[in-house]
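Hi everyone, thanks for making time.

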Amino acid sequence: MTLQFQKATNASSYLRMALCGGPGAGKTWSSLALASGLGHRIALLDTERGSARKYARDFDFDVCELESFHPQHYIDGMIAAYNGGYDVLIIDSLSHAWAGKDGALELVDRASATGKESRFTAWRHVTPLHHKLVDAMLRLPMHLIITLRTKVAYVIDEDDRGR
């Protein structure tokens with residue numbers, strides 16, 4: 001196989017950004033602020049039970065709320081945003097595609113619960129869906145901002161007085 005280089009241009013170059021943080025860190029607001037600088041028409045795929053709507057006074061965007069977080073639903077949302085002529089798509093939050101209702105972990109649990117598959121072999125059904133989702137995000141011909149939840153660790157420590 002012969003590899004070749006070509007002159008780099010910014011034509012058809014789209015942002016791919018992930019904002020990570022714990023609850024209340026400002027991921028949704030920040031993604032809307034960034035999206036407002038990238039384009040006029042903003043679509044937001046909401047998995048947070050409509051929580052993005054609280055920013056409707058601050059930002060102009062359209063929202064689609066997912067109730068099932070099957071990876072194919074995210075892909076369908078990306079296609080709908082592209083077909084709708086949006087400049088920017090925000091996925092708030094992609095974390096549910098992994099650990100939410102009908103997300104990857106739940107799909108593995110269901111496949112292994114039948115007794116025909118172990119948890120290990122059940123991944124052979126879910127991994128292609130995950131790859132399809134990642135590929136759809138990389139190929140989407142528009143700006144894409146995703147949010148991801150991080151876990152917050154709490155540490156209880158004693159001060160010098162034993163409290």
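Let me start with a term: buried means under 20% relative accessible area, exposed means over 50%, and partly exposed is in between, using a 1.4 Å probe and protein chains only. Please keep in mind that this is a predicted model, where local features need pLDDT of at least 70, side-chain atom pairs count only at pLDDT 80 or more, and totals for chains, interfaces and linings use all residues. Residues are numbered from 1 along each chain as its sequence is written, and side-chain values use heavy atoms, with hydrogens and water left out.

Now, the aromatic rings. A pair of aromatic rings is described by the distance of the centres and the angle of the planes. Here rings of Phe, Tyr and Trp (its six-membered ring) pair if their centres lie within 6.5 Å; planes under 30 degrees apart count as stacked, over 60 as edge-to-face, and the rest as tilted. How many aromatic pairs does the structure hold? There are two.

One is tryptophan 29 with phenylalanine 59, an edge-to-face pair at 5.6 Å centre to centre with 70° between the planes. Tryptophan 29 lies in helix H1, residues 27-38, and phenylalanine 59 lies in the loop between strand S2 (42-46) and strand S3 (62-65), so this pair ties together parts that are 30 residues apart in sequence. A quick word on those labels: helices (H or I, at least four residues) and strands (E, at least two) are DSSP runs, numbered from the N terminus. Are these two residues buried or exposed? Tryptophan 29 counts as partly exposed, at 41% relative accessibility, while phenylalanine 59 is buried at 12%.

The other pair is tryptophan 98 with tryptophan 123, and this one is stacked, with 5.5 Å centre to centre and 25° between the planes. Tryptophan 98 belongs to helix H3 (residues 95-99) and tryptophan 123 to helix H5 (residues 119-139), so the pair ties together parts 25 residues apart in sequence. Both have a label you know by now: tryptophan 98 is partly exposed at 38% relative accessibility, and tryptophan 123 is partly exposed at 23%.

There is one more ring to show you. The charged end of arginine 41 sits over the ring of tyrosine 86, 4.2 Å from the ring centre. To count, NZ of Lys or CZ of Arg has to be within 6 Å of the ring centre and within 35 degrees of the ring normal.

On to helix packing. Two packed helices are described by the angle between their axes and the distance between the axes. The axes are lines fitted to C-alpha atoms, for helices over the stretch in contact, and the angles run from 0 to 180 degrees between N-to-C directions. Helix H4, residues 104-113, packs with H5 at an angle of about 135°, their axes 8 Å apart. H4 and H5 are therefore oblique to each other; angles under 35 degrees count as roughly parallel, over 145 as roughly antiparallel, 65 to 115 as roughly perpendicular, and the rest as oblique. Which H5 residues meet H4? Among them are Trp123, Val126 and Leu129, and on the H4 side you'll find Leu105, Leu107 and Val108, among others. Contact here means heavy atoms within 4.5 Å.

Helix H2 (residues 71-83) also packs with H5, at about 20° and with axes 9 Å apart. That makes H2 roughly parallel to H5. Tyr74, Ile75 and Met78 are among the H2 residues in this contact, and Leu133 and Ala136 are among those in H5.

Now for some backbone geometry. Most residues other than glycine have a negative phi, and most peptide bonds are trans. The peptide bond from aspartate 92 to serine 93 is cis, with omega near 20°, and serine 93 sits in the loop between strand S4 (88-92) and H3. Arginine 49 has a positive phi, near 55°; you'll find arginine 49 in the loop between S2 and S3, exposed at 83% relative accessibility. Aspartate 102 also has a positive phi, about 70°. Aspartate 102 is in the loop between H3 and H4, and at 15% relative accessibility it counts as buried.

Last stop: serine 31 in helix H1. At 0% relative accessibility, serine 31 is buried. Leaving out residues up to four places away in sequence, serine 31 touches Leu19, Ile90, Ile145 and Thr147.
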